[in-house]
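Work through these exercises with the structure open beside you. Try each task before you read its solution.

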Amino acid sequence: MLEIWVRDALSDVLRSYLKDIGQNGDLSTFLPKGVRLEFPKKEGFGDISTPVAMHLSPQLKTPPRKIAEFLHASLSALPLFQSVDIAGPGYLNFTFSEQAVRRTLLQILDPHADLVVGEEGKRRVLVEFVSANPTGPLHVGHGRGAAYGDALSRILRAAGHDVTTEYYINDAGNQMEMLGRSTCLAWRKLQRTVSESEETAFLKGATPYKGDYIREIAQEMIDSPGLLSPEETRAALDPLAPETGYLGKFTEYSQNRIMDGIREDLQKFEVPFDGFFSEKILHEKKGGEGTDAISVWINRVREASLQESEAGVPDVYESDGALWLRTTVLGDDKDRVLLRSDGRLTYFAADIAYHALKMERGFDVLIDVWGADHHGYIPRMNAAVKTLSLILDHPVEFRVALIQLVSLVRDGRPVSMSTRGGEFVTLREVLDEVGVDATRFSYLTRSHESSLEFDLNKAKERSMDNPVYYVQYAHARVRSLLRQAETRGLTLPSSWTDGDLEALREPAERDLVRFMDRFSAVVNDVTRSLEIHPLTEFLTDLAGRYHHFYFHHRILSQEPQDRGLMIARIALSIAAGRVLEKGLGLLGISAPDVM
RNA sequence: GCGCCUGUAGCUCAAUCGGACAGAGCAACAGCCUUCUAAGCUGUGGGUUGGGCGUUCGAUUCGCCCCGGGCGCACCA
């Protein structure tokens, strides 16, 4: 909370300064981006610093150092600070008083206080992620989205939001039919030879889904008598027979098996979902005869665009026998088809209905986590959500997190990742080889907007060179210390007081507290930027500071005169352990007691 | 051709919506275990931030122009 205290104190002083020089006291007119606080990277610049004097200088036509001097005079007397210095072009560098540092440590130790304090009001957020098509197992790219979406959801919850996670299943349309055909073809091949001409004709020239999983599913179907009736079996084996209901059986069975596998993978990866939303539902006609949800929403958009065409609602129009939405009025570079001339709905139409339903369910913020190859889809979805916001008179914030590609490396060589022909590395394989914690950590060390090189050898290395274990070990070290203290018969205070901490004098101790204090701000930053890796980096940094402290300072002691210091250092260790445990938890990574 | 991401130490990446001398980890080299787990700690070397011009008190960050890498530009999903 040190940061908040500084911000408040600085804001007060700035307001009175502005009044003194005859300006209005509204900070936002002078500092539209707010009061900036920085954490100096270098020693000697204080615990926290601000460039506000430089920011105000041009507008007040006053040299930054002069402004800084005034602020200095008012701030340096506060008990919060041990000292306030003016440095460089006009930086104000603050060094906290010991009292302020202890107060912060007490807060971290308080079991009734949250380590993360949300900085925004509570909002209802839907995070949709993974949403991989049920046409094959999850691969390492999906894994990155899963780790990201899950961590983001945990972080948003920690920051006080009401979060729901959802997986959207694209279980309608062409590709599902192709999946059925692919399985059926494999099923035939397991029972007899299939000529190339038969194969091409059956697949209608398209490329089938391949890979072992398709063959396994086909084998399962053979091994499960009763799945297909004798008539269906005969028809499915006979290329000349009409393609009747049997194809649907293959589609349904394949899809269910694959979706089961995906759910297992997610469970193994410890990524829970609050819900799975099936696209199929959007296509179903209510009561057998009514209108499906997609058509309902297309009609609502169409009606709205007729009535309110001047309010900036894109209109729905017909052209070349298809139905279009004029997304170009909202920034898209071309209009998009909703209903194709062959009478089939596009995926875009389904997505509009799906997002409309999300909004109807009352969410204020919609976050979609997509693979980077879908980025061309953003403008049209933006346009769609804006349109729906107008229609429903319910403005929502729509954000897309694009997850860049993952390339696997083993033994210094890239691992082939062609999805065609089923030659990809599945998430399951990586989990079996590397483990959940190391896999998640590896995914979350880099910005999701940068492509990621996933080095299998490094990720699974169980050593001090692997950052996951480095961070986990810091936590285990604290627990080990506490066990040790317990075996020595030490009793700790049931609640901590300022007096318990007074023995802390070392720079490494102060540094730890000051650093831990940033945790809440780091977490809150994630909710704004949607960048998770700063939190991962923070934890690595904190672990390093704890290891440093631990190595250089003896904690447990038998000497009676060291008792006060021992108690204080144990308190510090407990605090570090709390922050590490909480932070790892937000990333979905375990905080082991023993390693 | 247009759009999005990207180019920083040998490698993988950071750098707080323009801030102080561009930082970590790995790799390399040199050290530290009769004491709370050495899965740890300490030190050394390593950079024209792809190139150029501009805006600014200040640019890895913003703008423009080149060069290179990834992805996308369907009545596909």
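**Exercise 1: Domains**

The C-alpha centres of domain 2 and domain 4 are 44 Å apart. The model is predicted. Task: find how many residues each of domain 2 and domain 4 gives to their contact.

Solution. 
- Step 1. Locate the domains. Chain A splits into domain 1 (2-96), domain 2 (124-167 + 272-403), domain 3 (174-268) and domain 4 (464-586).
- Step 2. Look at how domain 2 is written: it has two stretches, 124-167 and 272-403.
- Step 3. Count each side of the contact. Domain 2 gives 10 residues and domain 4 gives 11 residues.

**Exercise 2: Helices H22 and H23**

Task: decide how helix H22 runs relative to helix H23, roughly parallel or roughly antiparallel.

Solution. 
- Step 1. Find the helices. H22 covers residues 519-529 and H23 covers residues 533-552.
- Step 2. Read the geometry. Their axes come within 8 Å and cross at roughly 160°.
- Step 3. Apply the cut-off: angles over 145 degrees count as roughly antiparallel. Therefore H22 is roughly antiparallel to H23.
- Step 4. The crossing of H22 and H23 is left-handed.
- Step 5. Name the residues that touch. From H22 come Phe 519, Val 522, Val 523 and Val 526; from H23 come Pro 534, Leu 535 and Phe 538.
- Step 6. Sort them by class. The contact has 7 nonpolar residues, no polar ones and no charged ones.

**Exercise 3: Helices H10 and H11**

Task: work out which residues of H10 and H11 meet, and how the two helices are oriented.

Solution. 
- Step 1. Find H10 at residues 230-237 and H11 at residues 246-268.
- Step 2. Read the angle and distance. The helices pack at about 95°, and their axes are 9 Å apart.
- Step 3. Classify the angle. The range 65 to 115 degrees counts as roughly perpendicular. So H10 is roughly perpendicular to H11.
- Step 4. List the contact. Glu 232, Ala 235 and Ala 236 of H10 meet Tyr 246, Lys 249 and Phe 250 of H11.
- Step 5. Sort by class: 4 nonpolar, no polar and 2 charged residues.

Terms used
Residues are numbered from 1 along each chain as its sequence is written. Chains are lettered from A and ligands numbered from 1 in the order in which they are written. This is a predicted model: local features need pLDDT of at least 70, side-chain atom pairs count only at pLDDT 80 or more; totals for chains, interfaces and linings use all residues. Side-chain values use heavy atoms; hydrogens and water are left out. Axes are lines fitted to C-alpha atoms, for helices over the stretch in contact, and angles run from 0 to 180 degrees between N-to-C directions. Helices (H or I, at least four residues) and strands (E, at least two) are DSSP runs, numbered from the N terminus. Angles under 35 degrees count as roughly parallel, over 145 as roughly antiparallel, 65 to 115 as roughly perpendicular and the rest as oblique. A crossing is left-handed if the near helix is turned anticlockwise from the far one by less than a right angle, and right-handed if clockwise. Contact means heavy atoms within 4.5 Å. Ala, Val, Leu, Ile, Met, Phe, Trp, Tyr, Cys and Pro count as nonpolar, Asp, Glu, Lys and Arg as charged, and the others, Gly among them, as polar. Domain bounds come from an automatic or database domain assignment.
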